[in-house]
Amino acid sequence: MLTRRGRAVVGVTGVAVLLALWFGARSLNAVVVPAAVALSAGYVQIWTTPEVVVDRTPPADAHVGETRTAELTLSRADGEQIARPFPGDVTERLAAGLAPIPTEDGGHVRERPDGDTGITFETAVGSGTLSYDVRYESRGRHELGPATVTATDAFGLFVQEAELTGTGATLVYPRVRRLGRVGRRSLGRLEEFGRSDQRGEFAELREYVPGDPLRDIHWKTTAKRDELIVTEFAAETEAETVTVAAGANADGADQMAEATASVVCSLVASGVPVELSLPHGDLRVGPEYGGERAMLRTLATVAAGPIPDGDADVVIKGRAADASVDVRGATHQFSEMVEDRTASTAEVAA
């Protein structure tokens with residue numbers, strides 16, 4: 001396909017031919033021949049452009065508000081490297097909810113009429129890996145791609161566009177907010193309830209390790225061995241489970257997901273296991289059997305729905321502007337329970 005420049009060259013060439021017919025053939029040597037050579041060379045270059053495929057490395061799963069890096073590597077359709085990189089534009093499409101950010105590789109962000117965005121690199125296709133950053137703006141499973149390669153010849157007279165098959169996806173978790181004074185005080189009773197000091201049966205005697213409570217020292221055996229010996233119990237702590245149930249109005253799923261993730265992660269970080277009930281399934285999350293990452297994956301895509309257990313210890317209701325958190329009859333708005341900042345990634349499940 002001719003570019004605007006290519007069409008202009010063809011037009012000028014046509015005018016030159018008419019002038020040559022009127023004033024003499026000398027004008028052909030001055031204009032027509034160079035133009036014909038450029039058009040022929042450009043056509044051959046576009047015609048010999050290899051078919052390419054893209055190998056995409058999607059950005060890693062992360063939380064709303066975080067940024068990760070994506071990479072694109074283009075090669076021949078047969079898997080070989082492109083021996084002669086050719087000039088062109090590489091455009092990667094990103095679904096709504098993902099915001100592309102140019103890096104040192106360059107790139108221009110372009111809005112699309114369908115609400116998605118794209119990032120375009122003016123590059124020598126096949127010369128190396130293209131990378132860009134992605135900022136996560138909303139939770140969910142979001143697609144990247146397909147990519148489009150627009151090849152041009154050296155003179156910019158011809159263009160050939162090809163949409164490459166294949167897409168990638170990334171999962172965006174809800175934010176996990178750090179609980180403030182109101183939130184910590186509200187959940188404090190549940191944390192004490194969840195950590196009951198009920199000691200199990202006697203298991204064995206062992207050497208003292210720094211950090212062992214002094215009440216566990218077995219003084220009779222210590223006197224015989226002339227070293228500190230402590231009693232090991234089968235279960236030092238028998239943690240009781242706290243139940244959390246969450247639901248949301250039609251437009252409150254995002255608020256429900258954020259409040260649920262923040263409350264459950266806070267309880268688990270304090271050593272309290274949680275039985276979580278969502279509109280479309282149940283999960284167990286706790287310090288002993290993990291589950292935080294599975295919970296975040298579920299909350300990334302959970303939809304609105306009714307609260308499955310209204311008698312749970314914690315009942316969370318998502319609404320458009322905020323979520324309410326009821327802790328055994330004491331109700332707070334989620335926005336009142338948190339600090340301004342989010343919890344760091346290291347503080348959430350690894």
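These legends walk through close-up views of one predicted model.

Local features here need pLDDT of at least 70 and side-chain atom pairs count only at pLDDT 80 or more, while totals for chains, interfaces and linings use all residues. Residues are numbered from 1 along each chain as its sequence is written, and side-chain values use heavy atoms, with hydrogens and water left out.

**View 1. An open sheet of 6 strands with mixed pairing.**
The strand order is β19-β18-β17-β20-β21-β22. Helices (H or I, at least four residues) and strands (E, at least two) are DSSP runs, numbered from the N terminus, and two strands pair if DSSP finds at least two bridges between them. β19 (281-285) and β22 (330-333) sit at the edges with a single partner strand each, so one side of each has no neighbour in the sheet. From one strand to the next, the twist averages 20 degrees. Inside the sheet, β17 (residues 242-248) and β20 (residues 314-318) run parallel, joined by 5 bridges; Ala-246 has Ile-316 of β20 as its bridge partner.

**View 2. The hairpin of β18 and β19.**
There are 2 residues between these strands, which run antiparallel and are joined by 5 bridges. Look for Leu-278 opposite Gly-281 in β19.

**View 3. Helix α5 across the strands.**
Helix α5 (residues 253-269) lies across β17, β18 (274-278), β19, β20 and β21 (323-327), and runs at about 170 degrees to β17. Helix α6 (residues 292-301) packs on the sheet too, touching β18 and β19, and its direction makes about 150 degrees with that of β19. Axes are lines fitted to C-alpha atoms, for helices over the stretch in contact, and angles run from 0 to 180 degrees between N-to-C directions; contact means heavy atoms within 4.5 Å.

**View 4. An open antiparallel sheet of 4 strands.**
The order this time is β1-β3-β8-β5. β1 (52-57) and β5 (98-101) are the edge strands, each with a single partner, so one side of each is left without a neighbour in the sheet. Neighbouring strands are turned by 30 degrees against each other on average, direction ignored. β1 pairs with β3 (residues 67-76) over 6 bridges, and Arg-56 stands opposite Leu-72 in β3.

**View 5. Ala-70, a buried residue of strand β3.**
Its relative accessibility is 1% (buried is under 20%, exposed over 50%, partly exposed in between, with a 1.4 Å probe and protein chains only). Not counting residues up to four places away in sequence, Ala-70 touches Thr-57, Pro-59, Leu-130, Ser-131, Tyr-132, Val-134 and Leu-144. Ala-70 and Val-134 are 64 residues apart in sequence but 7.0 Å apart in space, C-alpha to C-alpha.

**View 6. The salt bridge of Arg-139 with Asp-254.**
The closest N and O atoms are 2.5 Å apart; a salt bridge is a side-chain nitrogen of Lys or Arg within 4 Å of a carboxyl oxygen of Asp or Glu. The partners are 115 residues apart, with Arg-139 in the loop between β8 (130-136) and β9 (140-152) and Asp-254 in helix α5. Arg-139 is buried at 13% relative accessible area, whereas Asp-254 is partly exposed at 43%.

**View 7. Glu-339 with Arg-178 and Arg-184.**
Arg-178 forms a salt bridge with Glu-339, with closest N and O atoms 3.7 Å apart; Arg-178 is in strand β12 (residues 177-179) and Glu-339 in strand β23 (residues 338-342). Arg-184 also forms one with Glu-339, at 3.7 Å. Arg-184 lies in helix α3 (residues 181-194), so this pair ties together parts that are 155 residues apart in sequence.
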